[in-house]
Number of protein chains: 2
Amino acid sequence: MCKVVLKISKLPKKKRQQHLVEKIEHNPFITDEELMKCFQVSIQTIRLDRMELGIPELRERMKSMAEQTYDQVRSLPPDEIIGEIIDLQLDESGISIFEIKESHVFSRNRIARGHYVFAQANSLAIAVIDDEIALTASAHIRFVRSVQLGEKCIAKASVKSSNNEQDKTKVEVNTYVNDELVFHGDFVVYRSEDNGNK
Amino acid sequence: MCKVVLKISKLPKKKRQQHLVEKIEHNPFITDEELMKCFQVSIQTIRLDRMELGIPELRERMKSMAEQTYDQVRSLPPDEIIGEIIDLQLDESGISIFEIKESHVFSRNRIARGHYVFAQANSLAIAVIDDEIALTASAHIRFVRSVQLGEKCIAKASVKSSNNEQDKTKVEVNTYVNDELVFHGDFVVYRSEDNGNK
DNA sequence: AATTCTTTTATTACCAGGTACTAATAGTAA
DNA sequence: TTACTATTAGTACCTGGTAATAAAAGAATT
């Protein structure tokens with residue numbers, strides 16, 4: 001938890017406060033009691049330090065982090081599909097929308113990082129396959145033009161008949177911003193009944 | 001906060017518990033006391049309900065939400081490169097490491113979502129280009145085998161001589177888990193001095 | 001009507017992780 | 001010695017609970 005530091009002489013106030021900031025930054029879930037043991041000072045000293053540094057108590061720290069998550073969850077399901085699927089005909093076609101936010105762009109030029117555009121298309125290609133589990137096998141993709149901050153990407157997927165091979169399906173995804181093509185991808189997706197671990 | 005419901009007769013237990021779940025889902029920051037006022041029952045009833053439904057107390061709810069945020073921040077800097085670059089020879093080669101965490105996999109089978117593996121490769125392909133700004137133009141990718149939760153992906157990029165065209169560079173990326181190839185990608189990357197907005 | 005069972009409420013003791021305030025003590029500089 | 005800063009100690013109080021026990025209210029069954 002807290003590195004055992006041989007502490008012949010206690011740190012001076014300023015140093016301690018510096019380290020305190022770092023410690024809490026590094027592990028926001030630390031209690032005053034744990035901090036007190038780290039620095040070998042009384043709990044009051046820790047609290048005085050927090051006061052001076054304007055660091056809120058553990059519960060307040062957790063609360064504000066939780067609020068962050070909550071806001072994020074509301075706006076962008078972090079774990080699931082990238083982009084919001086607004087239409088889905090299984091094994092036929094699908095449409096998803098994904099708006100490029102601050103966190104998706106290079107800060108220097110506000111152009112979307114390629115992998116977000118890819119992720120939207122990839123998620124959609126997987127979602128459109130009507131199978132217990134589907135995995136991307138390969139893809140051929142082209143970034144037709146760069147996507148800017150604030151633009152809404154509309155990805156349209158259509159499943160191409162899985163001709164010869166039974167377990168592989170071709171899915172074509174085109175992504176548009178205002179009817180202008182920005183991304184094209186040809187995906188080959190595995191569909192496997194047996195949970196397909198290779 | 002809590003809709004004022006005319007409450008001639010109190011809800012039966014089952015209904016109340018149903019509504020309780022919804023209420024907490026809709027606003028995880030609600031206290032038992034607020035809930036008690038919503039349902040016009042005693043605070044003990046609310047707590048019995050929470051127990052039966054397996055809903056943890058407010059502070060625990062906040063804590064686990066906060067942990068989510070924190071884990072996300074740690075594992076996936078939303079803004080930056082995906083994967084940690086550990087070696088980089090500009091315009092020549094690069095290596096990055098990326099460990100597959102809970103948030104990167106399908107929950108059903110713990111297989112990594114393709115776009116994370118792609119994102120690592122894509123980030124590396126961009127990073128290896130020694131230019132003010134580089135963008136992925138197109139890519140041909142193959143997911144050789146699925147990557148499991150916990151596995152460490154080592155992506156190796158090598159820049160292929162940008163032969164004919166000045167502004168496009170080919171970058172080959174191979175990703176390995178324990179020396180086993182899991183992903184291959186041929187990227188074509190734009191390098192543009194003039195900040196290349198098309 | 002009496003009995004049993006479920007549901008609800010009340011009460012009390014206790015907990016973590018604090019805030020807020022007062023006071024005492026230690027160490028150091030003028 | 002005095003003055004000042006830094007630290008420690010102690011107490012009361014807070015929120016939002018858990019845990020456990022008991023009593024009361026309501027409904028269903030015999």
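**Protein contacts with DNA strand D and the surrounding fold**

In this predicted model, a polar backbone atom of B:Asp32 lies 3.0 Å from a phosphate oxygen of DNA strand D, a polar contact being a pair of N or O atoms within 3.5 Å (within protein, one atom must be able to donate a hydrogen and the other to accept it, and residues adjacent in sequence count only if both atoms are side-chain atoms). The elements that contribute two or more residues to the surface near DNA strand D are α1 (13-26) and α3 (43-53) of chain A, together with α3 (43-53) and α4 (58-75) of chain B; helices (H or I, at least four residues) and strands (E, at least two) are DSSP runs numbered from the N terminus. With 3 residues, α3(A) gives the most to this surface.

Residues are numbered from 1 along each chain as its sequence is written, while chains are lettered from A and ligands numbered from 1 in the order in which they are written. Local features need pLDDT of at least 70 and side-chain atom pairs count only at pLDDT 80 or more, whereas totals for chains, interfaces and linings use all residues, and side-chain values use heavy atoms, with hydrogens and water left out.

Chain A also supplies side chains to the phosphates of DNA strand D: an N or O atom in the side chain of A:Thr45 is 2.5 Å from a phosphate oxygen, and a polar side-chain atom of A:Arg16 is 2.8 Å from a phosphate oxygen. Around DNA strand D there are 16 residues, of which A:Arg16, A:Ser42, A:Thr45, B:Leu58 and B:Arg59 come nearest, a residue being near a strand if one of its heavy atoms lies within 4 Å of it. Of the atoms of DNA strand D that come within 4 Å of the protein, 62% belong to sugar and phosphate.

Chain A contains 5 helices and 6 strands, which follow one another from the N terminus in the order α-α-α-α-β-β-α-β-β-β-β. Of its 198 residues, 42% count as buried, that is, under 20% relative accessible area, with exposed meaning over 50% and partly exposed in between (1.4 Å probe, protein chains only). Among the contacts in chain A with a separation of 6 or more, 60% join residues 24 or more positions apart, contact meaning heavy atoms within 4.5 Å.

Within helix α4 (residues 58-75) of chain A, A:Arg61 is buried yet has no salt bridge, the nearest side chain of opposite charge being that of A:Asp32 at 5.2 Å; a salt bridge is a side-chain nitrogen of Lys or Arg within 4 Å of a carboxyl oxygen of Asp or Glu. Leaving aside residues up to four places away in sequence, A:Arg61 touches A:Ile24, A:Pro28, A:Ile30, A:Arg50, A:Ile55 and A:Pro56.

In chain B, B:Val21 is placed in helix α1 (residues 13-26) and is partly exposed at 28% relative accessibility. B:Val21 touches B:Leu53 and B:Ile55, residues up to four places away in sequence not being counted, and its C-alpha lies 9.5 Å from that of B:Asp49, a residue 28 positions away in sequence.

A positive phi of about 60° is found at A:Arg110, although this residue is not a glycine, and phi of B:Arg110 is likewise near 60°. A:Arg110 belongs to the loop between β2 (93-99) and α5 (114-127) of chain A and is partly exposed, with a relative accessible area of 44%. B:Arg110 lies in the loop between β2 (93-99) and α5 (114-127) of chain B, where its relative accessibility of 45% makes it partly exposed.

Note on methods:
Lys, Arg positive; Asp, Glu negative; His and termini not counted.
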